[in-house]
Amino acid sequence: MSEKKGSTVEVILSDLNVTTVDWQRVLENVIACFDCTTGTLHFLDQETELLQIQAHKGIPPFLIPKLSTIPIGKGMAGIAAERKEAVEMCNLQTDDSGVARPAAKETKVEGSIAVPMLLDGKLYGTLGIAKPVPYDFTEEERRNLLEIGEAMSKALLA
């Protein structure tokens with residue numbers, strides 16, 4: 001990761017150390033930090049065990065209702081939540097694994113990753129970002145995204 005990206009991760013983490021977190025700003029900073037164009041942030045409703053959209057960018061308006069509430073185990077975000085690990089696709093457009101939901105292809109993104117927001121093994125939500133080109137996220141990028149997800153979880157409890 002470049003020094004610029006490293007410092008941007010620090011900006012994201014500092015954005016989480018405030019009294020009232022601007023989740024849209026945090027998501028947009030994550031998207032920019034990883035040179036992506038699209039992203040979603042879902043929080044887990046502990047009562048219903050459903051992922052609820054908190055912030056999004058680059059999602060076509062007609063898709064918002066389809067991804068506003070996601071069951072655990074469905075789609076990339078739901079599977080990342082279920083497995084409590086990153087779920088990645090080099091090219092979502094050509095995926096035939098069944099992990100990505102059919103509507104996801106309508107985003108026109110290719111390289112995508114969803115990571116769980118975990119703190120002490122407990123799930124608080126998911127963070128997903130994507131690029132408009134095929135891309136494999138590096139191990140360092142996955143670690144940084146999981147670190148950001150942990151910091152987001154802490155911010156939710158603050």
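Helix α5 has 19 residues, which at 1.5 Å a residue should span 27 Å; the C-alpha atoms at its ends are 28 Å apart, in agreement with that expectation. The structure described here is a predicted model.

**Helix α5 and the sheet**

Helix α5 covers residues 139-157 and lies across β1, β4, β5 (112-119) and β6, running at about 45 degrees to β5. Several of its residues are buried, among them L145, I148 and M152. In general, an α-helix has 3.6 residues a turn, so residues three or four places apart point the same way.

The sheet itself is open and consists of 6 strands in the order β3-β2-β1-β6-β5-β4, with antiparallel pairing. Strands β3 (69-71) and β4 (87-89) stand at the edges; each has a single partner strand, so one side of each is left without a neighbour in the sheet. On average, neighbouring strands of this sheet are turned by 25 degrees against each other, direction ignored.

Strands of a sheet pair through backbone hydrogen bonds, either parallel or antiparallel. Here, β1 (residues 38-45) and β6 (residues 122-130) pair in the antiparallel sense over 6 bridges. The bridge partner of T40 in β6 is G128.

A further helix, α2 (residues 23-33), lies across β1, β2 (50-57) and β6, and runs at about 70 degrees to β2.

**Aromatic pairs**

How many aromatic pairs does a search of the whole structure find? The search finds 2 aromatic pairs, and the table gives their geometry.

| Pair | Distance between ring centres | Angle between planes | Arrangement |
|---|---|---|---|
| W23 and F43 | 4.9 Å | 85 degrees | edge-to-face |
| Y135 and F137 | 4.9 Å | 85 degrees | edge-to-face |

Planes over 60 degrees apart count as edge-to-face; the planes of W23 and F43 stand at 85 degrees, so this pair belongs to that class. The pair links distant parts of the chain, since W23 lies in helix α2 and F43 in strand β1, 20 residues apart. Both W23 and F43 are buried.

Is Y135 buried or partly exposed? Residue Y135 has a relative accessible area of 23% and is therefore partly exposed, the limit for a buried residue being under 20%.

Methods
Residues are numbered from 1 along each chain as its sequence is written. This is a predicted model: local features need pLDDT of at least 70, side-chain atom pairs count only at pLDDT 80 or more; totals for chains, interfaces and linings use all residues. Side-chain values use heavy atoms; hydrogens and water are left out. Two strands pair if DSSP finds at least two bridges between them. Helices (H or I, at least four residues) and strands (E, at least two) are DSSP runs, numbered from the N terminus. Axes are lines fitted to C-alpha atoms, for helices over the stretch in contact, and angles run from 0 to 180 degrees between N-to-C directions. Contact means heavy atoms within 4.5 Å. Rings of Phe, Tyr and Trp (its six-membered ring) pair if their centres lie within 6.5 Å; planes under 30 degrees apart count as stacked, over 60 as edge-to-face and the rest as tilted. Buried means under 20% relative accessible area, exposed over 50%, partly exposed in between (1.4 Å probe, protein chains only). The expected span of a helix is 1.5 Å times one less than its number of residues.
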